[in-house]
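Please examine the structure shown below, then read the report that follows. The report treats the sheets, the ligand site, a salt bridge and one further chain in turn.

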Amino acid sequence: MNVSFVLETLFQGFGKTVLLFVVTLVLALPLGLIFAFGSMSKFKPIKYLVKTIVWIIRSTPLMLQILLVSFVPYYVFGTYTVNLADALKVEIDQLMFIFVAIAFVINYACYFSEIYRGAIQSIPRGQYEAGKVLGLKKGQIFFRIVLFQVFRKILAPMSNEIITLVKDTALASVLGVVDLFTAAQNMVKTVISLAPLLYAGVFYLVFNGILTLLFGFLEKKMAFYKE
Amino acid sequence: MAYLTIDNFNKNFGKTVVLQGINFSMEKGEVVSIIGSSGSGKTTLLRCINFLETPDTGKMTLDGEVLFDSSIEKKDTEGALRTKRLNFGLVFQSFNLFPQYKVLKNIMLAPLLMLDERCKKYRRRLTVVALENVLKLKTKRAEKNADSDKEILDIVGADDGETVKSFKRVAALIRKYRSEEKSKIANEANELLAKIGLSEKKDNYPCELSGGQCQRVAIARALALSPKILCFDEPTSALDPELTSEVLKVIRSLKGDDRTMLIVTHEMEFAKNVSDKIIFMADGVVEEMGSPKDIFENPQSEKLKNFLSKSKENNNDESIKE
Ligand SMILES: Nc1ncnc2c1ncn2[C@@H]1O[C@H](COP(=O)(O)OP(=O)(O)O)[C@@H](O)[C@H]1O
Ligand SMILES: [Mg+2]
């Protein structure tokens, strides 16, 4: 078994994994906030629409959602994936990655939105009212007073969710995206050894280890006040 | 005409009638206390006055200006509401300090944000002028904005004859104005801290203070915006008895500065000593109103007599405990 070849292939897969992780975080974090506001909206139709979407997404497997996203072009628009890839001027495997990313972003936005909502609703009304009687604007109250407290509250649940995200990236394989896990799995057959899978496990461990340290650091930084 | 006039305030929450035809007025520099058993609508009244709730009907006038009038259909914009709120300060029973900011920042936050907002507005106007200049646009807007431009120049301290067209210089003036105002705000906040006797706590977080100290900071925070009338909603009710007096002392010292104050309190001794006028509320109405002497020594209504004898009992209970 050629270790350097195995590692190189794993690193390529790892690149895809990290890309999916980053794209999901960058898009789902703000989208989740929008969903959270939607689910707290005073306008009932919006509120129930968003709540229903969040409920559906959280109640069904992510793997199913990934497959559904990949069916959308054909079953909704009657476009073959190949033609869509041509139209978008991307390779098929890039298009598959985009499908996976879309499913991940929507899925994680829904989970994040619930975390945001819980945190926002747990901020005492008195904080808003104190801001109001000091003549602050709604935006100032949210960004200067509430948001920081929300941020501190979401850190712990977010760190759980984000560590889960790292492991969920392995689901990208259902559309043939060669992420870390898929790369390892493919190689098991080539090198006739389980070692690639073990190596992949170490990659995940190290990645999540770094994230855990980072969140621990942030939580410590944020612990300077009590409510 | 009185300084503050509340005229026929009515407020329901669903089917619960909370305020029924509240009328009273107070003069500038007066201290008015509101007493009454819990559930009588005292908090709701303060919240209506501070625009945290909207009365169903009624009218409020402050310093000759009608701030609220339910007979006018038009609803206030968010901005108008904010301006109106600034006439009043409100100290909450539960302090509501901002936990992530140090004591000094708690006091300075609102004035700083307001300064920032003002400077942002000036800079935006300046950008428009600069753009018009570069693009050689001569618009009617210039005339329309003449007054506000003059105001900007006045406030930032431009020389006579200068116009917003010398935008580089005006931008520099705005920067200078901002930093001067900032240090003014800091100075005022420090003075307020000295006044409430907490100068040495300015770099502490609220969680590091006792309840009494928190409430004193909350008072300073409200004072930093120089409200015309400072309202208190049971400022000592959340405090251990031994911390009550330090807060009351601060409030009493404000009376010495001729502050106009409206105080909801259960501290009868304090109300008696500090107030010019006392309002007794029961079941959403002003049951009795008068000087401390009238209220405490010569109560008229049965409800007030009952309330006073009950609160005396409570007081005795407490002194026995101690
Ligand atoms: N937001 C609200 N919704 C419904 N009922 C309320 C609300 N706020 C106050 N009330 C009711 O109004 C009455 C008066 O309350 P409040 O003004 O807090 O009295 P006080 O401050 O004198 O104890 C109480 O019966 C209370 O239950
Ligand atoms: Mg109350």
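In strand E8 of chain B, B:Leu262 is the bridge partner of B:Val32. This pair belongs to the contact between strand E3 (residues 31–35) and strand E8 (residues 260–264) of chain B, which run parallel and are joined by four bridges. Strands are DSSP runs of type E with at least two residues, helices are runs of type H or I with at least four residues, and both are numbered from the N terminus. Two strands count as paired if DSSP finds at least two bridges between them.

The model is predicted: local features need pLDDT of at least 70, side-chain atom pairs count only at pLDDT 80 or more, and totals for chains, interfaces and linings use all residues. Residues are numbered from 1 along each chain as its sequence is written, chains are lettered from A and ligands numbered from 1 in the order in which they are written, and side-chain values use heavy atoms, with hydrogens and water left out.

**The sheets of chain B**

Strands E3 and E8 are part of an open sheet of six strands in the order E6-E7-E8-E3-E9-E10, with mixed pairing. Strand E6 (88–91) and strand E10 (285–290) of chain B each have a single partner strand, so one side of each is left without a neighbour in the sheet. From one strand to the next, the twist averages 20°; such angles, from 0 to 180 degrees, are taken between the N-to-C directions of lines fitted to C-alpha atoms. Strand E9 (residues 277–282) pairs with E10 of chain B in the antiparallel sense over five bridges. Within that pairing, B:Ile278 stands opposite B:Gly290. The hairpin of these two strands has two residues between them, and B:Asp283 takes a positive phi near 50° there.

A further open sheet in chain B has four strands in the order E2-E1-E4-E5, and its pairing is antiparallel. Its edge strands are E2 (16–26) and E5 (65–69) of chain B, each pairing on one side only. Strand E4 (residues 57–62) of chain B runs antiparallel to E5 and is joined to that strand by four bridges. One of the pairs is B:Lys59 with B:Asp69 in E5.

**The site of ligand 1**

The table lists polar contacts, that is, pairs of N or O atoms within 3.5 Å.

| Residue | Polar atom of the residue | Distance to an oxygen atom of ligand 1 |
|---|---|---|
| B:Ser40 | backbone | 3.2 Å |
| B:Lys42 | side chain | 2.8 Å |
| B:Thr43 | side chain | 2.6 Å |

Over all chains, the structure holds 20 salt bridges, each a side-chain nitrogen of Lys or Arg within 4 Å of a carboxyl oxygen of Asp or Glu. One of them joins the side chains of B:Asp116 and B:Arg178, at 2.8 Å from N to O. B:Asp116 lies in helix H3 (residues 103–134) of chain B and B:Arg178 in helix H6 (residues 167–195) of chain B, so the pair ties together parts that are 62 residues apart in sequence.

Chain A has nine helices and zero strands. Along its principal axes, the C-alpha trace of chain A spans about 70 × 45 × 30 Å.

Conventions: Polar contact = N/O pair within 3.5 Å; in protein donor to acceptor, adjacent residues only side chain to side chain.
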